[in-house]
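Please examine the sequence and the structure shown below. The paragraphs that follow lead through some of its features in turn.

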Amino acid sequence: MADYKWPPMSTRKAIGQRVSRLDGIEKSSGRAKYTSDYKRQNMLHAAPVTCPHPHARIVKIDTSAAEKMPGYKGAHMLDKPGDVVSWASWDIGYVAAETEQQARDAARAVKVEYEARPHVVHDHDLTKAGDRVKPSGEKIEGDVDAAFKAADAVSEGTYYIPVLTHCCLEPHGSVVQFDGTKAEFNPSTQAVTAIQGDLARALEIPAANVHVHQDHIGGGFGSKFQADRWGLASAHLSKMNGGRPVRVYLERNIELTIAGVRPSAGAKIKLAGKKDGTITAWESASWASGGLTGGGSPPIPYVYTKIPNLRQTHQAVSLNTAPIRAWRAPNHQQASFLTCCAMDDLAAKLGIDPMTVYLKNASQTARPETYVRQLNKAAELAEWKKLWHPRTQLTSGAVKRGLGIGVCTWGGAGHAATARVNIHADGSVEVELGSQDLGTGTRTIIAQVAAESLGLRVSDIKVKIGDTNFPSAGTSGGSTTVGGVSSATRKGAINALVKLFEEVAESLGAPADQLEAVDGKIQVKGTPAKNLTWKAACQKLGVKTITETGQNDPRTAPREGLNTGGVGGVQIADVSVDTETGIVRMNRLVAVQDIGLVVNPKLAESQVYGACIMSICGALMEERIMDTITGRVLNADMEFYKLAGIKDIGDIVCHLEIDPENDGRGIIGLGEPPAVGGIAAIANAVANAIGKRVSWVPLTPDRVLDTLEGRA
Amino acid sequence: MSQSKDPSREQTPTKPRGFSRRGFIHGVGVTGAVAPGLLQDSASAQTPAAVMGPGAVPITLNINGKMVKLSVEPRVTLLDALRNNLDLTGAKRVCDRGTCGACTVLLDGKVAYACSLLAIDVQGRKITTIEGFALEGGKPHPVVQAFVDHDAQQCGYCTPGFVVAAKGFLDTTPNPTMDQVKDGLGGNLCRCGTYVGVRAAVMDAASKMKGGRRG
């Protein structure tokens with residue numbers, strides 16, 4: 001069997017290099033075509049008919065006025081009279097027309113009668129959520145009451161982290177062409193392979209009859225796995241029009257309302273601790289919602305999972321809001337925020353440095369050494385010793401400075417993926433996978449792995465992804481892509497190389513297993529002078545093309561060691577809070593992350609920077625705001641659904657633990673873990689700065705002032 | 001919060017050349033309501049415009065140095081005209097309300113949001129899109145190259161807008177300080193979080209374009 005092991009760190013020539021992303025020029029120059037840029041011949045546009053009520057029964061749908069509108073080309077209703085709509089902006093159907101404006105006009109002309117029903121859209125005050133709260137059982141471990149009695153200090157706090165929207169810059173949507181038998185499908189998706197079957201099932205046609213193609217996706221963050229109602233409706237509208245392509249991309253207000261949210265979470269948490277910082281007991285009553293089905297269930301206590309005495313309840317709250325979708329590190333941001341805030345408050349109650357609490361309790365985590373090492377490194381980079389102060393000794397002046405800690409953990413092992421590697425007689429090499437590049441750099445790392453494996457330059461490799469004509473690859477979620485596609489590519493490339501060795505062994509006068517590919521040559525091991533250039537070697541293929549595949553199977557991957565999962569990370573935030581205006585400014589966010597084998601440090605750093613900036617958005621700005629009376633989203637636009645700008649982020653310090661020990665673990669995904677701890681770190685830094693806990697993120701000026709004035 | 005750029009405020013001509021959505025909202029925001037007197041004044045100050053629409057009307061735009069004829073409804077924004085009628089898709093439609101800058105173009109050399117301008121209103125103006133300079137002569141513009149070198153992009157959907165904004169900024173501020181970069185690019189939003197790269201890229205592009213001092 002071929003040896004697929006990663007070459008030693010010291011001998012690598014392509015893996016580990018700071019290669020610029022291969023599609024960089026294409027994207028920066030505006031040439032990259034996203035599916036929302038597609039302008040197909042004879043293309044129609046469609047627009048949704050949306051429900052204004054958060055909860056209603058459809059009484060009557062009348063499309064007669066719409067049918068008379070200019071450019072009208074048909075309506076496809078997904079719901080019928082009698083159906084119940086459970087959130088505002090629910091898309092009950094789509095209308096097609098010749099132009100986008102005409103489609104919107106015609107959709108607005110569809111008359112729908114509703115019978116409104118009572119709704120609930122808030123879960124931050126459970127007393128107002130009535131029968132929407134579904135109680136759960138109680139989980140008890142150890143002797144909680146005794147532990148609280150014996151404690152040196154007990155802290156209590158209530159913390160709440162709200163619903164966020166994904167706010168992908170490229171809205172959800174697709175271009176679909178469907179003639180009743182076959183479909184050409186160009187979605188904006190994180191799941192090129194899986195979405196083929198998803199649309200096929202909905203259209204009741206064989207998956208083989210759906211062809212999916214997507215070169216680029218303008219953001220997904222966990223919200224773009226399915227064909228969705230708009231994809232399905234477009235297909236029907238296309239069929240209705242003899243297979244003319246139909247395009248739908250949601251307008252921003254609809255996008256922010258129905259195309260995915262991160263669930264909220266709240267918890268009342270009580271902690272018991274000893275003078276030395278040891279946490280002895282945890283008691284929590286938590287709740288969460290992300291829509292009708294109740295939503296998330298944050299794994300608390302987070303990271304510090306071995307606290308001996310526990311009592312926990314959790315309640316799911318059903319709301320008339322659009323459903324949750326996976327949101328970069330599902331449940332983890334909430335869990336990290338709830339846990340780390342409570343730990344920070346316990347430290348304050350004990351009158352000790354929270355760093356001591358985090359270090360002291362590292363033994364109550366699954367990775368004590370990792371967290372101790374990372375806490376110390378993060379403390380050094382954040383100048384913890386110099387800048388941290390007790391909550392009782394605030395910095396002078398109206399602008400107060402503070403530091404806070406957040407931690408993370410994640411899996412990140414590779415998903416199932418198959419790579420096809422073609423070596424052509426002219427020496428050109430293709431690597432093909434039905435994968436997708438979310439902007440994480442998937443294309444680039446595939447090329448680096450193939451180049452490393454074949455002894456070629458990165459520029460010698462042509463990477464082809466984003467198409468169902470290529471072998472299947474997993475969806476890009478949960479930081480599983482880099483491990484999956486890298487391992488599959490490695491195996492496919494080695495398998496192809498073995499075939500090439502067999503082809504040229506005779507002319508090099510050595511057995512195939514004595515050949516190696518180095519620096520664009522095939523040479524005899526130990527006798528590098530006996531060699532063929534890559535091109536000359538490939539010429540010996542004549543009319544043949546070598547085509548080999550390699551597969552990553554998550555069931556066998558742990559044995560093979562090419563990829564693995566399980567990381568820790570620590571973040572420290574350094575903020576300044578203006579106590580007169582309530583404005584929080586980022587000074588610095590330090591992220592220390594272990595990561596396994598790093599294929600491309602430049603791209604990996606970008607992931608961490610981006611994750612940190614997302615945390616800043618989540619800690620200081622982002623929040624979906626619902627209107628109690630109308631049940632609609634009040635800030636379904638980008639003016640009032642705030643994201644951080646270039647000036648809002650302070651300095652970001654990224655420390656990746658790249659060393660032989662980590663490297664030996666194989667490749668581990670990096671998308672989620674650095675997006676977890678930042679919100680907690682910032683919330684704790686604000687508490688440190690002003691000496692009081694602002695219990696609700698985002699830490700907007702009004703909340704900070706309310707806390708300072710005792711109104712919270 | 002970062003300061004947003006207001007395209008209508010950055011335009012230098014003394015006479016308003018038409019309504020931008022952003023400018024209109026800005027005006028309303030300041031006064032609380034549009035004073036009837038103001039409307040009359042501005043109406044009488046302009047020559048009466050020919051009534052156009054509501055159907056599609058022929059217009060001519062000067063885009064990337066070429067005169068382009070197209071037919072659009074008067075309500076169509078410059079952004080939608082570029083994307084839907086002319087297949088110039090570097091400018092992206094993201095917020096569609098003058099907030100995020102993904103649709104940034106240059107209007108007579110100044111940075112503007114194409115989602116907030118009507119196509120019929122920018123006739124006679126010099127419109128430069130990313131396609132007009134990014135790969136001129138087959139070579140990446142220094143700003144484009146710097147964005148690649150500093151990995152100032154992830155999903156890339158905001159990136160062309162950032163590149164155009166950066167070019168427009170550097171054309172007027174060739175030797176920026178980092179603080180000026182943060183203000184100058186404050187009118188563009190990124191969701192993936194590429195600002196660290198963007199900061200470095202704009203500073204690097206500045207030094208390469210001018211060979212000048214760093215602030």
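Why is H6(A) largely enclosed by the rest of the structure? In this predicted model, 12 of the 13 residues of H6(A) are buried, so the helix is largely enclosed by the rest of the structure. A residue is taken as buried if 20 or more other C-beta atoms lie within 10 Å of its own. The buried residues run from Asp228(A) to Lys239(A), including Arg229(A), Trp230(A) and His236(A). Helix H6 of chain A covers residues 228–240 and reaches 19 Å from its first C-alpha to its last, close to the 18 Å expected at 1.5 Å a residue. Just after H6(A), a positive phi of about 65° is found at Gly242(A).

Domain 1 comprises 9–32 + 413–560, domain 2 comprises 38–118 + 172–249, and domain 3 comprises 343–412 + 565–708. The centres of domain 1 and domain 2 of chain A, taken over C-alpha atoms, are separated by 39 Å. Their contact draws 13 residues from domain 1 of chain A and 17 residues from domain 2 of chain A. On the domain 1 side of that contact, 9 residues are polar, 3 nonpolar and 1 charged.

Chain A also meets chain B: 48 residues of chain A are in contact with 51 residues of chain B. On the side of chain A that touches chain B, helix H1 (24–28), helix H3 (100–109) and helix H16 (601–620) each supply at least two residues. H16(A) gives the most, with 9 residues. By class, this side of chain A has 19 nonpolar, 14 polar and 15 charged residues.

Terms used. Residues are numbered from 1 along each chain as its sequence is written. Chains are lettered from A and ligands numbered from 1 in the order in which they are written. This is a predicted model: local features need pLDDT of at least 70, side-chain atom pairs count only at pLDDT 80 or more; totals for chains, interfaces and linings use all residues. Two residues are in contact if their C-beta atoms, placed from the backbone, lie within 7 Å. Helices (H or I, at least four residues) and strands (E, at least two) are DSSP runs, numbered from the N terminus. Ala, Val, Leu, Ile, Met, Phe, Trp, Tyr, Cys and Pro count as nonpolar, Asp, Glu, Lys and Arg as charged, and the others, Gly among them, as polar. Domain bounds come from an automatic or database domain assignment. The expected span of a helix is 1.5 Å times one less than its number of residues.
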